[in-house]
Number of protein chains: 2
Amino acid sequence: MQGGSDYKEILKKEGLKSTKHRNAILGIMEEGDEPLTAEAVFLKLKDMNTSISLSTVYRILETLVSKGVIIKSSVTCENKAVFEMNRMEHKHHLVCTGCKRMVSVEGCPFEEYEKKLKGLRGFDITGHKLEIYGVCPDCKR
Amino acid sequence: MQGGSDYKEILKKEGLKSTKHRNAILGIMEEGDEPLTAEAVFLKLKDMNTSISLSTVYRILETLVSKGVIIKSSVTCENKAVFEMNRMEHKHHLVCTGCKRMVSVEGCPFEEYEKKLKGLRGFDITGHKLEIYGVCPDCKR
DNA sequence: AATTTAATTGATAATTATTATCAATTAAAT
DNA sequence: ATTTAATTGATAATAATTATCAATTAAATT
């Protein structure tokens, strides 16, 4: 979980070279339980004294999204994307309406309903996303 | 539903002047059943030979959102906002993963579950949003 | 109805998030 | 150690949105 190239295997499997930056970003994504913006990842790297270009952060995140290693999503009404590790579990988000912080929640009350929807308006249903809004403890003051 | 200033009452109630542009935009929002981007609204107005500045479209939409007359949301992974009339009903969206078109759906399987979540991680739950993904008939070819 | 006043608009510049470009660098295959 | 193709940094470009400010217009007041 910390150190140099812990993600060599994952990267090799995806046909990607194991680089300092990719390993560092995967480390950040792995330990965090909140989805992060590209800029937040960039700042975390800076805090760790890892020099990197913001464009490289975007590029690495996008590459990992295209490989399915990382999931990209967005908060409604915020015009920026957030990224988190794809832990291969069906998940949803809890979003603070104050600070827009996103927290992951497990469980899904929706599977049954989705089956009922099959064929709705001629769509082939492939999945869903549930965002639950609320005010986080910090924003409650 | 068509014509000049059908929304004078709504606008007055919100302390907004009744202008040609605001009425035209409310008309477009009222008749559409799909959420629209600011640009789509702009183009619809153009088709109707209503000369308007794109910045005015954004401004009017934002003003109406702040009054709660219009709802702003966004499709995951698309970095632009969409707007639709606030019909004061609890609603969700069906999004085509091909063309990103959004269609509104009624009904919500979630009310029970939300109650269970009360207090989750110290959040005060205030609402939720459900996006159902699929492939629309057009994108199925 | 004419005048006043404050809100609204258009045109444009500025900003923010993201993506593209391309030469320099680096990982890993040989 | 050398080669080769992938990766990176720096920067420019783009796309969506927001800010600015002078000109225009709605509606309140006379």
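Biologist: How far does helix H2 of chain B reach from its first C-alpha to its last?

Modeller: This is a predicted model in which local features need pLDDT of at least 70, side-chain atom pairs count only at pLDDT 80 or more, and totals for chains, interfaces and linings use all residues, while side-chain values use heavy atoms, with hydrogens and water left out. Helices (DSSP runs of H or I, at least four residues) and strands (runs of E, at least two) are numbered from the N terminus. The expected span of a helix is 1.5 Å times one less than its number of residues. For the twelve residues of H2(B), residues 20-31, 16 Å is expected, and the reach is close to that, at 17 Å.

Biologist: How many of the twelve residues of H2(B) are buried?

Modeller: Residues are numbered from 1 along each chain as its sequence is written, and chains are lettered from A and ligands numbered from 1 in the order in which they are written. Buried means under 20% relative accessible area, exposed over 50%, and partly exposed in between, with a 1.4 Å probe and protein chains only. The buried residues of H2(B) are His21(B), Arg22(B), Asn23(B), Ala24(B), Ile25(B), Leu26(B), Gly27(B), Ile28(B) and Met29(B). H2(B) is therefore largely enclosed by the rest of the structure, the number of its buried residues being nine.

Biologist: Which strands of chain B are included in what covers the buried residues of H2(B)?

Modeller: Contact here means heavy atoms within 4.5 Å. The cover of the buried residues of H2(B) includes the helices H1 (8-13), H3 (38-47) and H4 (54-66) of chain B. It also includes two strands of chain B, namely S1 (70-74) and S2 (81-85).

Biologist: Is Lys8(B) buried, exposed or partly exposed?

Modeller: Lys8(B) is found in helix H1 of chain B and touches Ser18(B) and Asn23(B), not counting residues up to four places away in sequence. Lys8(B) and Asn23(B) are 15 residues apart along the chain, with 7.7 Å between their C-alpha atoms. At 42% relative accessibility, Lys8(B) counts as partly exposed.

Biologist: How far apart in space are Ser74(B) and Met102(B), C-alpha to C-alpha?

Modeller: Ser74(B) has its place in strand S1 of chain B and is buried, with a relative accessible area of 7%. Along the sequence, 28 residues separate Ser74(B) from Met102(B), whereas in space their C-alpha atoms are apart by 9.6 Å.

Biologist: At what angle do H2 and H3 of chain A pack?

Modeller: Axes are lines fitted to C-alpha atoms, for helices over the stretch in contact, and angles run from 0 to 180 degrees between N-to-C directions; under 35 degrees counts as roughly parallel, over 145 as roughly antiparallel, 65 to 115 as roughly perpendicular and the rest as oblique. H2(A) and H3(A), whose axes are 10 Å apart, are therefore roughly perpendicular to each other. The contact is made by Ala24(A), Ile25(A), Ile28(A) and Met29(A) of H2(A) and by Val41(A), Lys44(A) and Leu45(A) of H3(A). The angle is about 110 degrees.

Biologist: How many nonpolar residues has the contact of H2(A) with H4(A)?

Modeller: H2(A) and H4(A) pack at about 70 degrees with their axes 11 Å apart, which makes them roughly perpendicular. His21(A), Arg22(A), Ile25(A), Leu26(A) and Met29(A) in H2(A) meet Thr56(A), Val57(A), Ile60(A), Leu61(A) and Leu64(A) in H4(A). Ala, Val, Leu, Ile, Met, Phe, Trp, Tyr, Cys and Pro count as nonpolar, Asp, Glu, Lys and Arg as charged, and the others, Gly among them, as polar. The contact has two polar residues, one charged, and, as nonpolar residues, seven.

Biologist: What is the relative accessible area of Thr50(A)?

Modeller: Thr50(A) lies in the loop between H3 and H4 of chain A. Leaving aside residues up to four places away in sequence, Thr50(A) touches His21(A) and Leu45(A). Thr50(A) is buried, its relative accessible area being 15%.
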